[in-house]
Amino acid sequence: MTLPASDRPDTAESELPEGAAVATTTSGSVATDYAVALLAGLVDAGVRELVLSPGSRSQAIALAAAEFERAGRLRLRVRIDERSAGFLALGLAVESGLPAVVVTTSGTAVANLHPAVLEAHHSGVPMIVLTADRPVELRGIGANQTTQQPGMFGVATRAGHDLEAPRSGPVDPTAVRSVARAAVATALGVPDADRAESAPAVPGPVHLNVAFREPLSAALDALPAARPEPVEAASWSDAARAGAVRVEVDVEPATVVVAGHGAGPEAESLARALGAPLVAEVSSGAHFGPNLALGFRALLGDAELGGAVRRVVVLGHPTLTRQVPALLTRAGVEVVVVRGATADAYDPGRSATVVDAVDVVETAGGVPDDRAHRAWVGRWVHSGRRVVGDDEAAPDLEAATSDDGSARAEFLRGEVALLRRSVTRRALAETLWRVTWPHDRLVLGASRLIREVDEVVPGKKIRVHANRGLAGIDGTVATAAGIALASQVDDGAPGVTRVLVGDLTLLHDVGSLLFGDGEVRPRLQVVVGNDGGGTIFDGLEVAATAPVDAMRRVQFTPHGVQLAGLAAAYGWHHVLASTRAELDQALARAWDGPVLIEVPLAR
């Protein structure tokens, strides 16, 4: 989509919607006037967060964004590294439910956004990628920092528009605002009347590529007036869930509800309504409730439990086990997939019945609270508890209150010894889960540790996020920072955001530890399980047969990075939590800035 001066619609200012923002040429730079009009349109459409990285070609947008922040009309975040900026925008959108804008200059800066765009695409997260470009006369002639930016992200964007600021003359605010409004609607997954029913609208990234000519910016005297009541864009999760289907309660209980990443609390409600056990991954948003079956990897492989399943209802995107796709592809199992806010419906067997939403449950041949359904759920719940068990023996409370002084002393010695023990992966997972509450946020990196958390933690209704769209380790710290910043906009909710990562996941995103001068520092605890490399690869089948030295170098990838020095270089607090007591103290402390909590783990 290109809007040169000759093609601009001829709309009089009197025809604009009441209270609409108006931008006219006042600065002496068409680039600045266009940038102001575009940002005014985005803000009026509901955008509140803008992340940018510095650059020459994008200077008009950057300087205009600073003025919009000064006027209190958006929140501006600046990051040096574009890849970090992209994932920061992703985290802001995940927490707020509104599309965040990420701004870059031309050239390789745009390509650095690709990992975040792919994650947003596959996770159904709204995002607006606003990239500056050279005008058409400078493309294809070897001009500096010029490449083929339109279409760079391929199918990963919901829409892509190659825009061109006018060569001269006034900027038409109506045309520019129309582009902005459409971009926000598309990013949120608002249905398009022209869209085929077979291709439902889902949230995701939108690319606006804007070509600017010299002069690239000018002094800005004033911003256009804001709408009296800016549009409050609907939650992207709500926008993606529309309509209703019916799922019958089975006569003879043999149904399991599987909640993958992003399934939401609807999965828990559906499991109760169907009288079915709930297999819920930790980042599903449904890891709670009376039907939750822990230890489900073992249960799905059990002949009397998993072997008896004849129907599976899937919500969200399961990514953490091999047992779930094995069940969904097993002969004789009916699969119903509830399509959520993702690019693709989860259907490993390519045979599922795919529906857009579930908000009506119809009973047939029985009710979910009868004896048979209660027994079916009970077997899964109780068996799961036995599978998970306890990491430590329960304390002897009688000894703690005994009249025998020697018994009390022995109890205290045992408790002290426990606190002095080194931290295991399970203890790390359980401790983080225990200290996190609904006003907090928990972010889990793509490492061995998320699987540990998924396997052992009990049900609790808290906010958990993980980048599971492509399940990569990219941008985990940046995503967590975005979630933290968005959750702290209202200081009345003084929660803490904790992110659990392995050492390689941290090092892959180490640039996101940098907060420039004047940037807001979030209440963020980065907890690093440091085992010196990628121990998740120890679980690969090839590890049993490949040469040890080769596996160590190309898969485990050991390193000798001193995380304390790294934290100091970026201005973070650092604490080494080698024992359980030290871990408890580090997590409970009210830090006056972001902190890196390093937990040594055995390979």
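This is a predicted model: local features need pLDDT of at least 70, side-chain atom pairs count only at pLDDT 80 or more; totals for chains, interfaces and linings use all residues.
Local features need pLDDT of at least 70 and side-chain atom pairs count only at pLDDT 80 or more, while totals for chains, interfaces and linings use all residues. Residues are numbered from 1 along each chain as its sequence is written, and side-chain values use heavy atoms, with hydrogens and water left out.

Q: Is alanine 567 buried or exposed?
A: Buried means under 20% relative accessible area, exposed over 50%, and partly exposed in between, with a 1.4 Å probe and protein chains only. Because the relative accessibility of alanine 567 is 1%, this residue counts as buried.

Q: How are H1 and H2 oriented to each other?
A: Helices, which are DSSP runs (H or I, at least four residues) numbered from the N terminus, are compared here by axes, lines fitted to C-alpha atoms over the stretch in contact, with angles from 0 to 180 degrees between N-to-C directions. Helix H1 (residues 30-44) and helix H2 (residues 59-70) pack at about 50° with axes 9 Å apart. Angles under 35 degrees count as roughly parallel, over 145 as roughly antiparallel, 65 to 115 as roughly perpendicular and the rest as oblique. H1 and H2 are therefore oblique.

Q: Which strands stand at the edges of the open sheet of 5 strands?
A: Strands are DSSP runs (E, at least two residues), and two of them pair if DSSP finds at least two bridges between them. The order is E9-E8-E10-E11-E12, with parallel pairing. Because each has a single partner strand, one side is left without a neighbour in the sheet for the edge strands E9 (278-280) and E12 (353-355).
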